[in-house]
Amino acid sequence: MSIRAPPRLLELAGQSLLRDQGLAVSAMEELPRVLYLPLFMEAFSRRHFEALTVMVQAWPFTRLPLGSLMKTLHLETLKALLEGLHMVLTQKDRPRRWKLQVLDLRDVDENFWAVRPGAWALSCSPEDCPRMGEHQPLKVFIDICLKEIPQDECLRYLFQWVYQRRGLVHLCCSKLVNYLTPIKYLRKSLKIIHLDSIQELEIRNMSWPRLIRKLRCYLKEMKNLRKLIFSRCHHYTSDNDLEGRLVAKFGSVFLRLEHLQSLKIKLVTFLSGHLEQLIRCLQNPLENLELTCGYLLEEDVTCLSQYPSLGYLKHLNLSYVPLFRVSLERLGALLEKVAATLETLILEGCQIHYSQLSAILPGLSCCSQLTTFYFGRNFMSVDALKDLLRHTSGLSKLSLETYPAPDESLNSLVRVDWEIFTLLRAELMRTLREVRQPRRIFIGPTPCPSCGSSPSEELELHLCC
């Protein structure tokens, strides 16, 4: 039987003080720092809104990481805190103890509430803590996901509050995700957010022409953008000249993005035949390039190995881009170029035939840092797979790998004959163990017809029967 620890004196003092909110409010200016955090948490959990309003006006630390204390924003709590901040920000002479520079609504810094008040002050990072100064704008950090119409009431209230205090408050958003098809809601958000604070931007379900016309001016100002994701952005046209002009406008955005490290585009059909126009505009070497679920032409694959911006890739994903009609010598050249840095290579579902395999094997065998290799859903004979496995002998860091069922194990309906497959898989594993010892490996169709799982970083891999 466990014995519950008695409450600490600090907790008792805070509870006693909050029983008389009038006394609590009057005591804030002289409250010892050691009492401030436990008292704030007590007022927060019990929703003593008047106390919260006053406490934030005398906040003695440079940062208030509210998001880690409140996993989901509560409107009344947010209103109480913002009301207190409004009173401070509009004063000519701000309170003596008030040191707040950053209100953080992201789910970070949980340890802030568990350590001594003075210990955390030294951990404030330079980019999040602006220069000390009485009239520096307050920075409000938040990660935003636009998913529903109307927007979340807390987010809508925060936007309105910031908009009305332009110059006094900077709304900073390190990560912005947009699921909404109507572009006007995203544009309204971008007009309020300080664009140079955005480090990760993900846009889904939007047409390319509209995205480029309506958002290009905002994208150009995201000077600290590091990760850019376009998912399921569609564009259907047979006008190749129009597509070329759109890509050129899109590429002009990249001339301003000096810190971009990760580019992911799903449904890459829009770039078909125009990839070079985009790649040559990249100003910074990419670490992550994902072009998935679309079509690339011969000239697109050719340009991949020609530009310095792709010479230091750590992650390359071309999954579900059909490559059976293109020559893969240039892809092999790219692998040789990035052999010293590449950690993840995903060529799953590329419909690569064994006749093309020899073009990429020399480059693949040089990728000494490779940890993840997905090659499932391609068309390989058992001899081709053996050759592939032998070329991985020097890849000592490889810890997750997938390969297709060999063609010889497929019946006339392109389904696995499990009796034949079991024998061939054992033969492939013997071949592999002759050159190295695998860690996590999946050979066969995905998802597995036996257990229903698909290989991933999260799931254990099974050699299903």
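Analyst: Contact here means heavy atoms within 4.5 Å. This is a predicted model, where local features need pLDDT of at least 70, side-chain atom pairs count only at pLDDT 80 or more, and totals for chains, interfaces and linings use all residues. Residues are numbered from 1 along each chain as its sequence is written, and side-chain values use heavy atoms, leaving out hydrogens and water.

Let's take α15, residues 418-435. Helices (H or I, at least four residues) and strands (E, at least two) are DSSP runs, numbered from the N terminus. With 18 residues, α15 reaches 26 Å from first C-alpha to last, close to the 26 Å expected at 1.5 Å a residue (that is, 1.5 Å times one less than the number of residues).

Now its sides. F421, L424, R425, L428, M429, T431 and L432 are the buried residues of α15 (buried is under 20% relative accessible area, exposed over 50%, partly exposed in between, with a 1.4 Å probe and protein chains only). Down the helix axis, these buried residues of α15 fall within an arc of 160°, so they line one face (the arc takes directions from the axis to the C-beta atoms). What covers them includes α14 (382-390) and β15 (440-443).

As for packing elsewhere, I183, L186, R187, L190 and K191 of α7 meet R210, L211, K214, L215 and Y218 of α8. That contact has six nonpolar, no polar and four charged residues (nonpolar: Ala, Val, Leu, Ile, Met, Phe, Trp, Tyr, Cys and Pro; charged: Asp, Glu, Lys and Arg; polar: the others, Gly among them).
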